[in-house]
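Dear colleague,

I am handing over to you the structure shown below. My notes on what was found in it follow, and I would be grateful if you read them with the structure open.

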Protein chains: 2
Amino acid sequence: MSKDYYIGIDIGGTKVLSALADSEGKIINKAQNPTEADKGEDVIISNIEDSIERVIENSKIGKKEVKRIGVGSPGPLDLNKGVIIENSNLAWTNVPIVEILEEITGIEVILENDANAAALGENQFGAGQAADHMVYLTISTGIGGGIIINRKIFHGGKGNAGEVGHMTLIPDSDYQCGCGNYGCFEAVASGTAIARRGRESLTVHQDSLIYEYSEGNPDVVDAPLIAAAAREGDQEAIRIFKLTGQLLGVGIANVVNLFDPEIILLGGGVMHAQDLFMQELKASLKERALKPNLKDLQLKEAKLGKDTGVKGAIAVAMCDYLYQNQ
Amino acid sequence: MSKDYYIGIDIGGTKVLSALADSEGKIINKAQNPTEADKGEDVIISNIEDSIERVIENSKIGKKEVKRIGVGSPGPLDLNKGVIIENSNLAWTNVPIVEILEEITGIEVILENDANAAALGENQFGAGQAADHMVYLTISTGIGGGIIINRKIFHGGKGNAGEVGHMTLIPDSDYQCGCGNYGCFEAVASGTAIARRGRESLTVHQDSLIYEYSEGNPDVVDAPLIAAAAREGDQEAIRIFKLTGQLLGVGIANVVNLFDPEIILLGGGVMHAQDLFMQELKASLKERALKPNLKDLQLKEAKLGKDTGVKGAIAVAMCDYLYQNQ
C-alpha cells in the first residue's frame, strides 16, 4: 500500500519554500526558490511550480502519492473560491491560486489564512499539541490570530473569524489601523505601535537613547531600536514596552474571556523583546480575565519559529475537514 | 412507539416556571410557582419540584416519557459537575442542582448558563433559526452573551466561553464591573452604565429632565427614567443613549470580527429603548467591523421575549451533545 504525502508551501515576499511531509507530518524534503515578487504573477507562479516539482523529485516519490497541497497566505482571502483577494507582499490582487496550482500540478490544493495555518501547525506539531481549544497570536508589524476549536481551525460563518488584531481595544485612540478603523488591537499593541510611540517620543525626549540611536530621524525608529535602548536602561523605551505589554494583556484577556482556550500561544518578531513586556502582559491579563477562564490557562511561546509557515501549510494539507464551515 | 417529551425550567428570582414540550420543542403545558427565594434552598427546590410534577400531570403523560430536563441559570456554574456556584437571585452558593433534581425526579437533568440557553433557544425556535453561526446578546442590567457555532453552544475549554460582557472595551475607564475589572463591555454599555451616566449628570445638568423626573435623587435614576427624558427631547438623556449606542456598536463589532457570525441577535430590557440608540449602534458597528465580516450580516432583535428562559431551557433539554467540549 502506497503511503500518502503532503506538501506545504510558504509563499513569502523574498522566498518560496515547499516542504514535503509523510502522513505523520514529518518533513522529508524542502525546496526553496527566490519569490522574485517584483517580476509579476507569472514568474512567481513559475517559481512556486519549480519548488513543488523539485521537492517531489528529491523525495523520490511519484506525484500521485502527494495527496494534497496546503498554501498559507496573508488575507484577505476567499477560502471557498481559493482566491487570494490581496497579498501585499506579492502585489497580488484576486489571484485564483487554488485553480492555478491544481491545473499545474494535478494535485488538490487548499488555501488558508497564514495565521490560521500557523495556529493549526502549532496545534498539530508545535507548542499547542496538548490543547483541543487554543488561540495562536502572532505579534509582529501587525497582530494576527488563529483560533483552534476542537483541534480544528475556527472559520465562523464566512471564513473570516479570528480577526483578533482588528478587535477595537481603545475606541477613542488616534492610532489608525491598516483596516481604516482606529484603536484596533494591532494598531495599539503591535511592533508598528511600538515604533510609532518611539517616533512620537523624539520631539519630547531628545535626551533619550531612542533619539541618540536614531539621530532624531523618525524613519529609522523601529521596535528593535527601541528594544536596544530599553535594554540599556532608557526610561522612555522601557515605558513604551511596558505600556505595550499592558495593552497586549488586555487584548489577550478579551480573547480568554470570549474563547476560554486551554492554551494561548504567542509568536511573531515582537516576542524577541518579551523580556521587556511579558511581566506587564501577565499582570494585565490576570487583572482583566475572568478567574474561571484563567484557571489552568497556559500562556506559552509558539515553537515552530522559522518553520511556522511551511509546517502550518502542511497541517492544512493534512486536513480534510476545511470549508465545512467549522 | 411512545413519544419523547422534554421539560425546560426557568428559575427566576420571583417565579419558577416549568414547561413541557414535545419532541419538536412545541410547548404543551406550563406550570408556575412562586420561587420564595427568601425562604432558603429547601423551599425553592420544593417549589421547583412541584412545578415539574404539575406540568407532567397536566400533560397526562407518564414521567418515563420525559427524556430530559433543562435548567438555565445565571453563572458562575460548573457545567461538568452540574453545580450552581453562585446565583445571586436565589442567594445560592454551590448548589448541586443537577444531582438534586435527578434524585427527586429520576429524570436526566442538564444545567446551562442562562445566556447560552437563550442563544440556543433563539437558534432553535426564535429569530436565529436561519443561522449555523450566531451570537445572542442580552443587554439589561448586565450584558450576557451566548455563542452558537454550527448550531451548538460554544463552551470553550472549560465551559466558560462567550463571556462577551467581560471583554474590556475601555481599558482606562473608571467604571468598575461586578467582576472587579474596569471598563468591561457590560460596565460601560449596559442599563447599569446608562443609569450611572444619568446619576453623574445630576450634579452638572440640574436643568435636565433627568434631574426633574428624579427630583435630584440619584437612587431613582434608572435607564427607563432616562429614556423617558430622552423621548421628551432632553439633550443630556439623548446624549447618554447615543454614547451607549456607540459603545454597543464597538463591542458588537469586536464580536463580529472574532466570530464572523451570520446573525447577531439583541435581547434584554435595554432594547425597549432601541429607538434612542440603534442608529448610533449601527453606525459604530459599520465603522469598526471588517468589511468581509459585515457582508450579509443580519442584526436582528431576539424574538422569544418572556419565553426566552423556558424555551432556552427546553432547547438545552433537547440537546444530547452538551459537555462534549464543543
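At roughly what angle do the axes of helix 7 and helix 8 of chain B cross? Please bear in mind throughout that this is a predicted model. In it, helix 7 (residues 223-231) and helix 8 (residues 235-259) of chain B cross at roughly 115°, and their axes come within 7 Å. The crossing of helix 7 of chain B and helix 8 of chain B is left-handed. Helix 7 of chain B contributes Ile226(B), Ala229(B) and Ala230(B) to the contact, while helix 8 of chain B contributes Ala237(B), Ile238(B), Ile240(B) and Phe241(B). By class, the residues of this contact are 7 nonpolar, no polar and no charged.

The pairings may be followed from strand to strand:

- Strand 9 and strand 10 of chain B run antiparallel and are joined by 6 bridges; they form a hairpin with 3 residues between them. Val135(B) has Ile147(B) in strand 10 of chain B as its bridge partner.
- Strand 9 and strand 12 of chain B pair in the parallel sense over 5 bridges. Here the bridge partner of Tyr136(B) is Leu265(B) in strand 12 of chain B.
- Strand 12 (residues 263-267) and strand 13 of chain B pair in the parallel sense over 4 bridges. Leu265(B) stands opposite Lys300(B) in strand 13 of chain B.

Is strand 9 of chain B mostly covered or uncovered? It is mostly covered, as 6 of its 6 residues are buried. On one side these are Met134(B), Tyr136(B) and Thr138(B), and on the other Val135(B), Leu137(B) and Ile139(B), so that both faces are covered.

A cis peptide bond joins Gly75(A) and Pro76(A), with omega about 0°. Pro76(A) lies in the loop between strand 4 (66-73) and strand 5 (77-78) of chain A. In chain B, the peptide bond from Gly75(B) to Pro76(B) is cis, with omega near -5°.

Arg151(A), which is not a glycine, has a positive phi near 60°. It lies in the loop between strand 10 (143-149) and strand 11 (152-153) of chain A, and counts as partly exposed with 16 C-beta neighbours inside 10 Å. Glu215(A) also has a positive phi, near 50°. This residue is found in the loop between helix 6 (209-214) and helix 7 (223-231) of chain A, and is exposed, with 8 other C-beta atoms within 10 Å.

Finally, how are the two chains arranged? Chain B is superposed on chain A by a rotation of 180° with 0.0 Å of shift along its axis (RMSD 0.0 Å). The two copies are thus related as by a two-fold rotation axis. Of the interface residues of chain B, 100% are also interface residues in chain A, so the copies meet through the same surface.

With kind regards

Note on methods: Residues numbered from 1 in each chain as written. Chains lettered and ligands numbered in written order. Predicted model: local features only at pLDDT ≥ 70, side-chain atom pairs only at ≥ 80, totals over all residues. Least-squares fit on C-alpha atoms with pLDDT ≥ 70 in both. Contact = placed C-beta atoms within 7 Å. Pairing = 2+ DSSP bridges. Helix = DSSP H or I, 4+ residues; strand = E, 2+ residues; numbered from the N terminus. Axes fitted to C-alpha atoms, helices over the stretch in contact; angles between N-to-C directions. Left-handed = near helix turned anticlockwise from the far one by under 90°. Nonpolar A, V, L, I, M, F, W, Y, C, P; charged D, E, K, R; others polar. Buried ≥ 20, exposed ≤ 12 C-beta atoms within 10 Å, placed from the backbone.
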